[in-house]
Amino acid sequence: FFRGMKRVKVGVVQATPALFDINKSVDIVVEWIQRGTAAGCELLLFPESFIPCYPRGLDFDAVVGRRTDKSRSTWLDYWENSLEVDSPQMKRLSEAIKSAGIYVALGVTERETIGGSLHCALFYFDKDGTFLGRHRKLKPTGLERYVWGESDGSTLLTYSTPVGRVGGLICWENYMPLARMSLYMKGVDIYLAPTADARPSWQSTMQHIALEGRCFVLACNQFVRKSDYPDRYQHDLASEPDIMCAGGSVIMSPMGEVLAGPLWNEEGLLTADLDFALLAKSKLDFDCVGHYARPDVFKLHVVDQPETKKI
């Protein structure tokens, strides 16, 4: 009965970047892309700001009303190791993805070519290595706002690909109901959720999104120890625990069932075979943009959100 329904193998990378080192971090991404290919993955997701790192535990010497030399030095270190779209590092990533022949979604800190602002972004790559576009985090959380700029609806992207309709939000954007709904309205089959949140409660959020959106959810985090930071930051991290990010990457089905993970306290590659028959079955009793919607009562207008791009 379901012979026409496809199955897609996906992978979620839980790994440690070379913190504050863009070139070594790119090397690590390339290595994990090769592992993903060897495992038979057709789509691979990396964590939030895997390049150059998520600067957990650092305060950038933030003081209300003034900026310090230390603050600007830490910013410069992070800025110099952030990724520009038109750069040798992007070329190397594209070449590696083309060689692997898989779709890749990569969490990065993106540096604007003009102006130089930084954004927390999710980069999408076609399996031929073409850079498709990026989603930028709409609202950085807490002190992230000192480092990353905001975005708008123009980067709430979705892609219709041979492996399914794909889109995603970064970290606590996933707590924004209307942001989630903007993706559901585009019919996402595979919902990407790269994050820096390693709390056990994050698992409940991912399960809720799977059930709410009736979609597969790929949730991805880094594994980072204090010893992974460069020596120049060890003094600033003296009070931090040895394991600063335990991970918790997981893959969920449209019925909220765990397909792989969660993975804690180590690096690894989670994989799962996504059976698209489950997507259809899950819509029997709930479809938040279909028979369970009430467009006569609720309306959502997303400013500048692009149409889904067919790949």
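Trainee: In what sense do β7 and β8 pair, and over how many bridges?

Mentor: β7 and strand β8, residues 190-194, pair in the parallel sense over 3 bridges. Two strands count as paired if DSSP finds at least two bridges between them. Helices (H or I, at least four residues) and strands (E, at least two) are DSSP runs, numbered from the N terminus.

Trainee: How does the chain cross from β7 to β8?

Mentor: The chain passes through helix α4, residues 177-184, and this β-α-β crossover is right-handed. That term applies if, with the strands pointing away from the viewer, the path from the first strand over the helix to the second runs clockwise.

Trainee: What should I know about the model itself?

Mentor: This is a predicted model, in which local features need pLDDT of at least 70 and side-chain atom pairs count only at pLDDT 80 or more, while totals for chains, interfaces and linings use all residues. Residues are numbered from 1 along each chain as its sequence is written, and side-chain values use heavy atoms, with hydrogens and water left out.

Trainee: Back to the strands. Which residue of β8 is the bridge partner of G167?

Mentor: The partner of G167 is Y191.

Trainee: And how do β6 and β7 run, parallel or antiparallel?

Mentor: β6 and β7 run antiparallel and are joined by 4 bridges. They form a hairpin with 2 residues between them, and T161 stands opposite G164 in β7.

Trainee: Is β7 mostly covered or mostly open?

Mentor: β7, residues 164-168, is mostly covered, with 4 of its 5 residues buried. Buried means under 20% relative accessible area, exposed over 50%, and partly exposed in between, with a 1.4 Å probe and protein chains only.

Trainee: Which residues of α4 are buried?

Mentor: A179, R180, S182, L183 and Y184 are buried in α4. The buried residues of this helix pack against β6, β7, β8 and α5 (202-213), where contact means heavy atoms within 4.5 Å.

Trainee: Changing topic: how many cavities of 30 Å³ or more does the structure hold?

Mentor: The structure holds 3 of them. On a 1 Å grid over the protein atoms alone, a cavity is a set of points where a 1.4 Å probe fits but cannot get out, and a pocket is an open set with protein on both sides within 12 Å along at least five of seven lines; lining residues have an atom within 4 Å of a point. Grid points are joined across faces, edges and corners, and a volume is the space filled by probe spheres set on the points.

Trainee: How much space lies in the largest cavity, and which strand gives the most to its lining?

Mentor: The largest cavity has about 80 Å³ of space, and β3 gives the most to its lining, with 3 residues. The lining has 11 nonpolar, 1 polar and no charged residues. Here Ala, Val, Leu, Ile, Met, Phe, Trp, Tyr, Cys and Pro count as nonpolar, Asp, Glu, Lys and Arg as charged, and the others, Gly among them, as polar.

Trainee: What about the second largest cavity: how do its lining residues divide?

Mentor: They divide into 6 nonpolar, 3 polar and 2 charged. The space in this cavity is about 70 Å³, and its lining includes E48 and R56.

Trainee: Which residues lie nearest the centre of the largest pocket?

Mentor: Of the 17 residues lining the largest pocket, M181, C288, A293, R294 and F298 lie nearest its centre. The volume of this pocket is about 390 Å³. The largest share of its lining, 5 residues, comes from α4.
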